[in-house]
Amino acid sequence: MKKRANKALEQDEPLCCCEYVDRQGERSHVAACCCDCEDLDDACDRWLKKEPQKANSLSHLVTVMTDRLRVPWFWGGARRVDLSVLPPLLLLPVLLHVAALHFLLGIVVLTALPVLVLWYYYVTHRKKGRTLFFLSLSLFSLGYMYYLFLTEIFPRGGVGLTQLGTVTLGVALTLAALVHTKREPRYIWPHPAYVHSTVTYHSPPPDRDPGHNGVGQEVMLANRGSGSEQQGQGVEQMDSGQSRNWCSVCRVLRPPRAGHCRICDICVLRLDHHCVWINSCVGQSNHRSFLLTLLLFLLTSLYGISLVLRSVCPQQNLVTALVYCPGVYNQHSSALCFTCAWYSCIVTSGLLHLLVLQLINVSYNVTEREARTALRDKTAHSLYWGLVVDTGVYSHGFRGNWAEFLTMGEGPDAPWPSLTDLV
C-alpha cells in the first residue's frame, strides 16, 4: 500500500523537460527511447531466425516509435514529434541540391516532386487521415527559401537592405497571418442536453500528448453511439426540414451552411474546406485570414523570385530568365538559386490557382463544400469548366457578397471552448 502511495506521488510530481507519460500511463524519459522494446526485440529475433513476423507487428513498432520520439520541452514534459513532419525536412534540401547539378536532373526532380506530393495527398485524403506533412512542407519551404536568400542572394551584392527588409517583412506577415488562421474556425459543440457524462482525468489519457502532468482535467463526453441509431434518434426529434441538418456524429443541429469535417471529426460553422496546408478547417472565423495568408505568401514569393532571377540572370528579363539563363549551371550556388526559383514558381502557381478559386467563390457567396455538393447534385450553374459555380442560394450580388464575407462572424459571441476540451 505504501509503495502504491509513493508511486502515485511520483506520478503527480511535475514533469521535467525530458520526461513524459507514455502510452501505458507510466513515467518515462527521452534517454530511454531505445531501452526495453519488446516488440523490436521480438521482430529482430524472428528475422534472424527466418521466422514469419506476427500479425500487426509493424504497426506496433510504429506506435512505439511515435510514442518515444520526443523532444525536450520547457513545460509539461517532452513533446511528441509527428513522424510526418520529418520527410520534408530531410528530402527537400537533398532533392533541390540534386536538381541543381544538371538541368536534366532539375527537370526530373521538379516534375517528380509535385507528382509525389499530389499522390501523398490523394492517399491521405482518401483515408481521411490527419497529417502534418503538408504543413511541414509549406513552413520548411518558406524557411528554406528565405535562408537561401540570406546566404546566397544577399551576399552577391545585387540586393540592397530595402529589398531584404521587404522580403523579411513579407515572410513575417505571412507567418503571423498563418498563426491567426490556425485559430479555431468556429466549431459547433454538442448541446448540454446531449452530454451524458463528465469525467475528470487525474493523469492524461494514454492516446494524447499530455500538456500538464498531475493536473485534473475535466472534459465532457458526447453521447456517440452507432451512426444508424443516432440518425434515427435525430430524425425522430425533428421534422423533415431539419433532419438533414442533424449531425449524427456530433449530435448537434447544424445551422445553415455548417458542415461536418470528416478529418477533424467535428462540425464547423460555414465550413469551406479542410486545408491540408494549414492542417485545419477553413470556416467562419478564419476564412478571411486564410485568404490574407495566401495573398501575403504570393506577394512575397513573386517579389523574392524576381530578386533571385535578377541576381543570377542579370542580362535577361524576368520572363525569359525562367526559360533561358546561360551559364547558370556553371556555378553550383547559382544553379541552386535558379532551381529554387523554379520550385517557388511551381508552389506559387498552385496557391495562385487556389486563391483565384476562393475569390470567385466569395464573389458568388458559395463555399467550396457547397460548390462540390451542387456540382455533384447538378443543382448549380457552372461556367468555365467548373471554375465558376453559382448556386444562387445565398448570393446578394457582388458587393453584397463581399460585404457579408468581410463582416461575417463579427459581434459579441459566447466564449468557445478550446479543441483540447473535446474527447
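Mentor: Arg 257, Glu 370 and Glu 404 are linked in a network of salt bridges. The model is a predicted one, and everything below should be read with that in mind. Arg 257 sits in the loop between β9 (252–253) and β10, while Glu 370 belongs to helix α13 (residues 368–377), so the pair ties together parts that are 113 residues apart in sequence.

Now consider how covered the two partners are. Arg 257 has a relative accessible area of 10%, and it counts as buried because buried means under 20%. Glu 370, with a relative accessible area of 13%, is buried as well.

By the rule used here, the count comes to four salt bridges. Another one joins the side chains of Arg 372 and Glu 368, at 4.0 Å from N to O. Both of these residues lie in helix α13, four residues apart, which is about one turn of the helix. Arg 372 is partly exposed, at 47% relative accessibility. Glu 368 is also partly exposed, at 21%.

A further salt bridge brings together the side chains of Asp 377 and Arg 376, with 3.5 Å from N to O. Asp 377 is partly exposed, with a relative accessible area of 44%. Arg 376 has 61% relative accessibility and counts as exposed, because the cut-off for that word is over 50%.

Strand β10 (259–261) is an edge strand, as is β5 (187–188), and each pairs on one side only. They belong to an open sheet of three strands in the order β5-β11-β10, with antiparallel pairing. Three bridges join β10 to β11 (residues 266–268), and these two strands run antiparallel. In that pairing, Gly 259 stands opposite Val 268 in β11.

Tyr 384 counts as exposed, at 58% relative accessibility. It contributes to a nonpolar surface patch of about 680 Å², together with Leu 352, Val 356, Leu 383, Trp 385 and Leu 387.

Last, here is some context from elsewhere in the chain. An unreviewed UniProt entry annotates residues 94–120, 132–149, 161–179, 290–309 and 341–362 as "transmembrane region". Over residues 161–179 the model is 100% helix and 0% strand, with the end C-alpha atoms 27 Å apart. Residues 290–309 are likewise 100% helix and 0% strand, and there the end C-alpha atoms are 29 Å apart. Helix α10 covers residues 287–312; its 26 residues reach 38 Å from the first C-alpha to the last, close to the 38 Å expected at 1.5 Å a residue. This helix is mostly covered, with 19 of its 26 residues buried.

Definitions and conventions. Residues are numbered from 1 along each chain as its sequence is written. This is a predicted model: local features need pLDDT of at least 70, side-chain atom pairs count only at pLDDT 80 or more; totals for chains, interfaces and linings use all residues. Side-chain values use heavy atoms; hydrogens and water are left out. UniProt positions are given in the numbering used here, feature names are shortened, and annotations may be inferred rather than shown by experiment. Patches are made of residues with over 30% relative accessible area and no salt bridge: like charges are joined within 9 Å, nonpolar side chains (Val, Leu, Ile, Met, Phe, Trp, Tyr) within 5 Å. Accessible areas come from the Shrake-Rupley method with a 1.4 Å probe; for residues, only the protein chains shown count as cover. Buried means under 20% relative accessible area, exposed over 50%, partly exposed in between (1.4 Å probe, protein chains only). The expected span of a helix is 1.5 Å times one less than its number of residues. Two strands pair if DSSP finds at least two bridges between them.
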